[in-house]
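Colleague: I would like to go through this model with you, starting with the surface and ending with single residues. Please put it up.

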Amino acid sequence: MTALDEIRLAEARRMLGLGSADDLGTQAAGWLERGVRSPSLELLAAAPDPTPDEALRLLRAAAVELDLTFATAQAARAHYVQQNLATLTTAQGVAGIADVSNGMTDAFEARLRRLFRRRR
């Protein structure tokens with residue numbers, strides 16, 4: 001997987017609420033070492049101890065700068081599942097399937113709530 005593929009997958013995870021900000025600074029440094037250039041990645045790699053919100057915000061900014069974003073949560077979910085299918089179908093991957101499923105349920109519920117609000 002290329003560095004750009006890894007960043008796009010990290011962005012998909014962030015959009016789905018599955019992303020952990022714990023090691024994003026280290027990952028950003030690795031992506032920079034592999035030749036990816038982005039002002040936000042440089043900030044993320046150089047930040048001494050970013051808050052989780054700040055790290056995820058910088059990841060989002062880097063994805064925008066590198067044109068690695070997704071138009072919808074559904075597109076991010078499809079990309080995430082496609083990239084992780086081999087892992088998700090193992091006994092250890094069951095928790096990941098539950099995470100994706102919960103995200104789909106949350107998205108469906110949000111759509112229904114918007115629909116009911118419009119009809120009032």
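This is a predicted model: local features need pLDDT of at least 70, side-chain atom pairs count only at pLDDT 80 or more; totals for chains, interfaces and linings use all residues.

Colleague: What percentage of the residues in the protein is buried?

Modeller: Buried means under 20% relative accessible area, exposed means over 50%, and partly exposed lies in between (1.4 Å probe, protein chains only). Of the 120 residues in the protein, the buried ones make up 29%.

Colleague: How many helices and strands are there, and what pattern do they follow along the sequence?

Modeller: Helices (H or I, at least four residues) and strands (E, at least two) are DSSP runs, numbered from the N terminus. The protein has 6 helices and 0 strands. Read along the sequence, the pattern is α-α-α-α-α-α.

Colleague: How are the axes of α3 and α4 oriented, and what is the handedness of the crossing?

Modeller: Axes are lines fitted to C-alpha atoms, for helices over the stretch in contact, and angles run from 0 to 180 degrees between N-to-C directions. Helix α3 (residues 39-46) and helix α4 (residues 52-65) have axes that come within 7 Å and cross at roughly 155°, which makes α3 roughly antiparallel to α4 (under 35 degrees is roughly parallel, over 145 roughly antiparallel, 65 to 115 roughly perpendicular and the rest oblique). A crossing is left-handed if the near helix is turned anticlockwise from the far one by less than a right angle, and right-handed if clockwise. The crossing of α3 and α4 is left-handed.

Colleague: Which residues of α3 and α4 make the contact, and how do they divide by class?

Modeller: Contact means heavy atoms within 4.5 Å. Pro 39, Ser 40, Leu 41, Leu 43 and Leu 44 of α3 meet Ala 55, Leu 58, Leu 59, Ala 61, Ala 62 and Glu 65 of α4. Ala, Val, Leu, Ile, Met, Phe, Trp, Tyr, Cys and Pro count as nonpolar, Asp, Glu, Lys and Arg as charged, and the others, Gly among them, as polar. The residues of this contact divide into 9 nonpolar, 1 polar and 1 charged.

Colleague: Is Ser 40 buried or exposed, and which residues does Ser 40 touch?

Modeller: Ser 40 has its place in helix α3. With a relative accessible area of 6%, Ser 40 is buried. Not counting residues up to four places away in sequence, Ser 40 touches Leu 58, Ala 61, Ala 62 and Glu 65.

Colleague: At what angle do α2 and α3 pack?

Modeller: The axes of helix α2 (residues 24-33) and α3 are 7 Å apart, and α2 passes α3 in a left-handed crossing. The packing angle is about 130°, which makes α2 oblique to α3.

Colleague: Which residues is His 79 in contact with?

Modeller: His 79 lies in helix α5 (residues 73-88) and is buried, with a relative accessible area of 13%. Leaving aside neighbours within four places in sequence, His 79 is in contact with Arg 8, Leu 9, Ala 12 and Phe 70.

Technical notes
Residues are numbered from 1 along each chain as its sequence is written. Side-chain values use heavy atoms; hydrogens and water are left out.
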